[in-house]
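Visitor: I would like to learn how features are read from a model such as this one. Could we take them in turn, starting from the surface and going on to rings and charges?

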Amino acid sequence: FADFEDPAAIALGDLASTSFSIEAKGASVEAGLTLNVSKSILTDSIGSLLDEAYVRAFAGPIVLEGGLLKVSWGKADSMGPLNVLNPMDYSDLSVTDERSRRIAEPMFHASAALGASSKLELVFLPGFEGDQYAWDGAWAPKIIKDMKQKAYDNFYKGSDPSANGGIGNGLYAAYYSSAWSTAYSAAYSGACEKAYADAYAAAYKAAYNQCLAYGYSATQAATAASTAAVTAATQAVRDNAYLLEHAAKAKATELADAQATTIESQAKAAADARVEDLLVYPDTRKLEYAQGGARFTTSLGSVDIGLQYFYGLLSKPVVSSDPAVFAANDYHIPVSYNRYHQAGLDLAAVLVGFNLRAEFAANVTEDLKGDDPGVYNPNLAFSLGFDRDLFAGINLNLQYAGSYILESASITSEYDVEKGADLFASRLTAALSQRLFKDALTWKLAAIWGVNDEDWLVMPSITYALGDAEIELGAGIFGGDAYGEHGQYADNSYVKIGIGYKF
């Protein structure tokens, strides 16, 4: 909406995009490939071209599949704590479909039917990928922008920005000093060389003329004069060392100061290059980052139950703000990820017209005492929700989810990754929808309320189907606390309209 202040400057983005899928199915095997194609993907993020690619084999009650997969665990409609196998892409919050936000991961997945209503699943991921965030631009979280600015200020201008005549005592000052010293040294050497050359020229001329007066030939006079001039010039420089040193320094300072603009540009370019690549990511496509888990689902009467265990890495990155860590890593910020165990339980049942769902998870990290500033504390997480048809075909979907940090009293370090985090954080998600005119028109009003931050996101939309074509009008309106998960994007409220054709 903010762009409406200058409509001519609105960036329309991808006016066309394609999701292209190929499937091949046989009696005991099937394969699939899905590509997402748009101009921005082809020019800016070619890695996003491949969405999913898999091979699936059937051997009686056993199903084996491998490739680039999206596998959902848990029963929550959205953002359940048990859905841990695929990280999320938060680089564009105008993409609201959770499956579209999920990043497909290389994995091997096996499932075995155990009777009529039970199933055992095993999964192995040979590597790891964390949640993706925009590190700059409109969708960069405030915490990342603030962190980068703080690091930029601390290491660009240093702890005392007024030092050294206003250039500070940080990276910029160091590079400025280096560039100035280079210019000074060159000018100083030039001044000394000129003093020597002047003394040499005067001595040579006097010796040469004297040799000619003694009857030397021109060649003999030149040779003798050169030797005498070297000795005389060297001695002259020594005899006048103090004066020459003072004059050379003055001249060098004058010439270096005259190049101040050039020196400043060189220093800024060098410092910017160091700060630009501020974050250093580990190579997580190695077996040392392997993950795995198991899930068992069954039904007891009218209640569906799921039990799962997962050992892997938290998808949320750890980024230290400790200046000592920055300095120890050559003025870069190392990004890391925490190992953890998850034990989970989910339930689903139908009760007096309500489709009930619940998930519970215990996430146990390696910081059992809670006092390691570089590791997230263990926590408990949950999701409680239901959906129900109300009247006139209107459906209500409601979900309440949250997490509780354990051992929070041990979070004492100023640079702890969870310093300032809410002990108990929760959010409420609601959606009302209705289909009209023989399902040709669908309206939906979805909202997310951050209970702790008192921020929100409201997403109204209307979709109209014309045969295989579909017209959609939607919006996303952010508000609330300026540092809340959604409130920080208040300037990014948007409206979108599109037409698509699926065949």
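Guide: Let us begin with a cut-off: a residue counts as buried under 20% relative accessible area, as exposed over 50%, and as partly exposed in between. Please keep in mind that this is a predicted model. In it, W456 has 31% relative accessibility and therefore counts as partly exposed; this residue lies in strand β18.

Visitor: Which residues form the nonpolar patch on the surface?

Guide: The patch is formed by F1, F4, L428, W449, V451, W456, I462, L473, I477, V495 and I497, which together have about 970 Å² of accessible area. The elements that give two or more residues to this nonpolar patch are β18 (455-466), β19 (469-480) and β20 (494-501).

Visitor: How should I read aromatic pairs, and how many are there by this rule?

Guide: A pair of aromatic rings is described by two values, the distance of the centres and the angle of the planes. The count here comes to 12 aromatic pairs. One of them joins Y90 and Y133, which are stacked at 5.4 Å centre to centre with 20° between the planes. Because Y90 lies in the loop between β4 (62-69) and α2 (98-101), and Y133 in the loop between β6 (119-125) and α3 (142-156), the pair ties together parts that are 43 residues apart in sequence. Y90, at 17% relative accessibility, counts as buried, whereas Y133, at 21%, counts as partly exposed.

Visitor: What are the distance of the centres and the angle of the planes for F128 and Y337?

Guide: Their ring centres are 4.8 Å apart and their planes stand at 65°, so this pair is edge-to-face. F128 lies in the loop between β6 and α3, and Y337 in the loop between β11 (333-336) and β12 (339-351), so parts 209 residues apart in sequence are tied together. F128 counts as buried at 2% relative accessibility, and Y337 counts as buried at 14%. Elsewhere, W139, F478, Y489 and Y494 form one aromatic cluster.

Visitor: Which charged residue lies over the face of F354?

Guide: That residue is R388, at 4.5 Å from the ring centre of F354. K142 lies over the face of Y483, at 5.6 Å from the ring centre.

Visitor: How do I read salt bridges, and how many does the structure hold?

Guide: Side chains of opposite charge can pair when their charged atoms come close. The structure holds 11 salt bridges. Among them is the one between D51 and K70, with 3.1 Å from N to O; it links distant parts of the chain, D51 being in strand β3 (residues 50-59) and K70 in the loop between β4 and α2, 19 residues apart. Both D51 and K70 are buried.

Visitor: Are D346 and K75, which form another salt bridge, buried or exposed?

Guide: D346 and K75 are both buried, and their closest N and O atoms are 2.4 Å apart. D346 is in strand β12 and K75 in the loop between β4 and α2, 271 residues apart. A further salt bridge joins E105 and R285, whose closest N and O atoms are 3.5 Å apart. In this case E105 counts as buried, at 1% relative accessibility, while R285 counts as partly exposed, at 45%. Finally, E30, R56 and E65 are linked in a network of salt bridges.

Terms used
Residues numbered from 1 in each chain as written. Predicted model: local features only at pLDDT ≥ 70, side-chain atom pairs only at ≥ 80, totals over all residues. Heavy atoms only, no water. Patch = residues over 30% accessible without salt bridge, like charges linked within 9 Å, V, L, I, M, F, W, Y side chains within 5 Å. Areas by Shrake-Rupley, 256 points an atom, 1.4 Å probe, with all protein chains shown as cover. Salt bridge = Lys/Arg side-chain N within 4 Å of Asp/Glu carboxyl O. Helix = DSSP H or I, 4+ residues; strand = E, 2+ residues; numbered from the N terminus. Buried < 20%, exposed > 50% of the residue type's maximum accessible area, 1.4 Å probe, protein only. Phe/Tyr/Trp six-rings, centres within 6.5 Å; stacked < 30°, edge-to-face > 60°. Lys NZ or Arg CZ within 6 Å of the ring centre and 35° of its normal.
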